[in-house]
Amino acid sequence: MSMAGVGMIAGMALAFAGYFGGFGAFLLVAALGAVGFIVGRFLDGDLEPGDFFRSRGRDGRPR
């Protein structure tokens, strides 16, 4: 599935949560979606745990 299709499904899920559950449900779905995205990237091997904790130099590159 393309990223556009995934984005459309995520947007529809947020819209349904906001319409039927209110703003609190919208925020919960958005937060859990972000956590799921990060976990998915981690499991795919695109992210490493050290990526969150490494300091960066002035030029933006990892030290």
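Tyrosine 19 counts as exposed, because its relative accessibility is 67% (exposed means over 50% relative accessible area, buried under 20% and partly exposed in between, with a 1.4 Å probe and protein chains only). The model is predicted, with local features needing pLDDT of at least 70 and side-chain atom pairs counting only at pLDDT 80 or more, while totals for chains, interfaces and linings use all residues. Residues are numbered from 1 along each chain as its sequence is written, and side-chain values use heavy atoms, without hydrogens and water.

The chain contains two helices and zero strands (DSSP runs numbered from the N terminus, helices being H or I of at least four residues and strands E of at least two). Helix α1 covers residues 3–21 and includes tyrosine 19. Its 19 residues reach 26 Å from the first C-alpha to the last, close to the 27 Å expected at 1.5 Å a residue; the expected span is 1.5 Å times one less than the number of residues. Just after α1, glycine 22 takes a positive phi of about 90 degrees. Helix α2 (residues 23–44) has 22 residues and should span 32 Å at 1.5 Å a residue, which agrees with the 31 Å between its end C-alpha atoms. Glycine 45 follows α2, and its phi is also positive, near 95 degrees.

Of the 63 residues in the chain, 3% are buried. The chain exposes about 5,300 Å², of which carbon and sulfur atoms supply 68%; accessible areas come from the Shrake-Rupley method with a 1.4 Å probe, and for residues only the protein chains shown count as cover.

Three aromatic pairs are found in the whole structure (rings of Phe, Tyr and Trp, the last by its six-membered ring, pair if their centres lie within 6.5 Å; planes under 30 degrees apart count as stacked, over 60 as edge-to-face and the rest as tilted). One of them joins tyrosine 19 and phenylalanine 20 edge-to-face, at 4.9 Å centre to centre and 85 degrees between the planes. Both tyrosine 19 and phenylalanine 20 are exposed. Phe16, Tyr19 and Phe20 form one aromatic cluster.

Another aromatic pair, phenylalanine 23 with phenylalanine 26, is stacked, with 6.0 Å centre to centre and 25 degrees between the planes. These two residues lie in helix α2, three residues apart, about one turn of the helix. Phenylalanine 23 is exposed, because its relative accessible area is 60%, whereas phenylalanine 26, at 29%, is partly exposed.
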